[in-house]
Amino acid sequence: LRTRAASGDRSAEAPRGALLANLGNLHSDCDRPDRALACWQAAAEVQRRVFEREPESWLAARELAVSLSNLGGAWRRRGDVAAARGSHLEAVGLIDHVLVREPYRTEVQEALGLMLHNLTTLELAAANPAAARGYAERALAVRVEMCARNPRSGRDRQALVDIWSNRFRLA
C-alpha cells in the first residue's frame, strides 16, 4: 500500500484508511489508547480524502463516520468531552447525509444507531440528560425501524436492549 500511495496511486487510500482504522481497534483492544487515537486520527485523515473525492459513496461516508466515532470514544475516555462531542456529531452528520439518499441501507442505519448510542453515553457521562434523552430516543427509533424490517435480526434486538437500558437510566 505504501508503494502504491507513494507512486500517486489513489486506489491505495481506501484500503490504507481501513487498515489504519483496524490498527486503531487492535490498539484499543490491547489497552494502548495513545496508539489507538493516533491510528484513528490517521485513518480519519485518509478516509476524509477518499470521501472528498467520492462524496456520493455511502461506503466512503460510513468508513469516515466510523473512524470519527472511534475518535469520539477515544476523546471521551481521555476526558475531552468537547472533542468527543465534535467527533460524534460530525459522524452522525455524515450518516444523516447518506440516509437522505439511501434511507434503507442497513449498514448505514446500523452505524447511525451505534453513533447515537455513543452520543447518549457521552451525554450521560457529561451530566447532560436532556441531550442524552434526545439521542437515545432517536437511536431507539432507528433500531425499532430496523427490527420491523428484519424481525429475526439478533443484532438489532440486542441493540434495542442496549438503547433501552440507557433510556431507563434517563428516566
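This is a predicted model: local features need pLDDT of at least 70, side-chain atom pairs count only at pLDDT 80 or more; totals for chains, interfaces and linings use all residues.
1. Helix α2 (residues 13-29) packs on α3, with axes that come within 8 Å and cross at roughly 155°. Angles over 145 degrees count as roughly antiparallel, and α2 and α3 are therefore roughly antiparallel to each other. The crossing of α2 past α3 is left-handed.

2. On the α2 side, the residues that meet α3 are E13, A14, R16, G17, A18, L20, A21, L23, G24, N25, H27 and S28. Their counterparts in α3 are R35, A36, C39, W40, A42, A43, V46, Q47, R49, V50 and R53. By class, this contact of α2 with α3 has twelve nonpolar, six polar and five charged residues.

3. Helix α3 (residues 33-53) also packs against helix α4 (residues 58-78), at an angle of about 155° and with the axes 9 Å apart. By the cut-off of 145 degrees, α3 and α4 are therefore roughly antiparallel to each other. Here, too, the crossing is left-handed, with α3 passing α4.

4. From α3, the contact with α4 takes in D34, L37, W40, Q41, A43, A44, Q47, R48, V50 and F51. From α4 come A60, A61, E63, L64, S67, L68, N70, L71, A74, W75, R77 and R78. The residues of this contact of α3 with α4 divide into 13 nonpolar, four polar and five charged. W40, A43, Q47 and V50 of α3 are listed in the contact with α2 and again in the contact with α4.

5. The largest nonpolar core has 32 residues. Two or more residues each are given to this core by α3, α4, α5, α6 (106-125) and α7 (129-149). The largest share, nine residues, comes from α4. Within the core, the residues with the most contacts are L68, L71, I95, L112 and M115; of these, L68 and L71 also belong to the α4 side of the contact with α3.

6. L112 touches V92, I95, D96, L99, R138 and V142, leaving aside residues up to four places away in sequence. I95, one of these partners, is itself listed among the core residues with the most contacts.

7. V98 is found in helix α5 (residues 81-101). Its relative accessible area is 1%; buried means under 20%, so V98 is buried. Not counting residues up to four places away in sequence, V98 touches W58, A61 and V108. A61 is also one of the α4 residues that meet α3. V98 and P55 are 43 residues apart in sequence, while their C-alpha atoms are 9.4 Å apart in space.

How values were computed:
Residues are numbered from 1 along each chain as its sequence is written. Side-chain values use heavy atoms; hydrogens and water are left out. Axes are lines fitted to C-alpha atoms, for helices over the stretch in contact, and angles run from 0 to 180 degrees between N-to-C directions. Helices (H or I, at least four residues) and strands (E, at least two) are DSSP runs, numbered from the N terminus. Angles under 35 degrees count as roughly parallel, over 145 as roughly antiparallel, 65 to 115 as roughly perpendicular and the rest as oblique. A crossing is left-handed if the near helix is turned anticlockwise from the far one by less than a right angle, and right-handed if clockwise. Contact means heavy atoms within 4.5 Å. Ala, Val, Leu, Ile, Met, Phe, Trp, Tyr, Cys and Pro count as nonpolar, Asp, Glu, Lys and Arg as charged, and the others, Gly among them, as polar. Buried means under 20% relative accessible area, exposed over 50%, partly exposed in between (1.4 Å probe, protein chains only). A nonpolar core is a set of buried Ala, Val, Leu, Ile, Met, Phe, Trp, Tyr and Cys residues joined through side-chain atoms within 4.5 Å.
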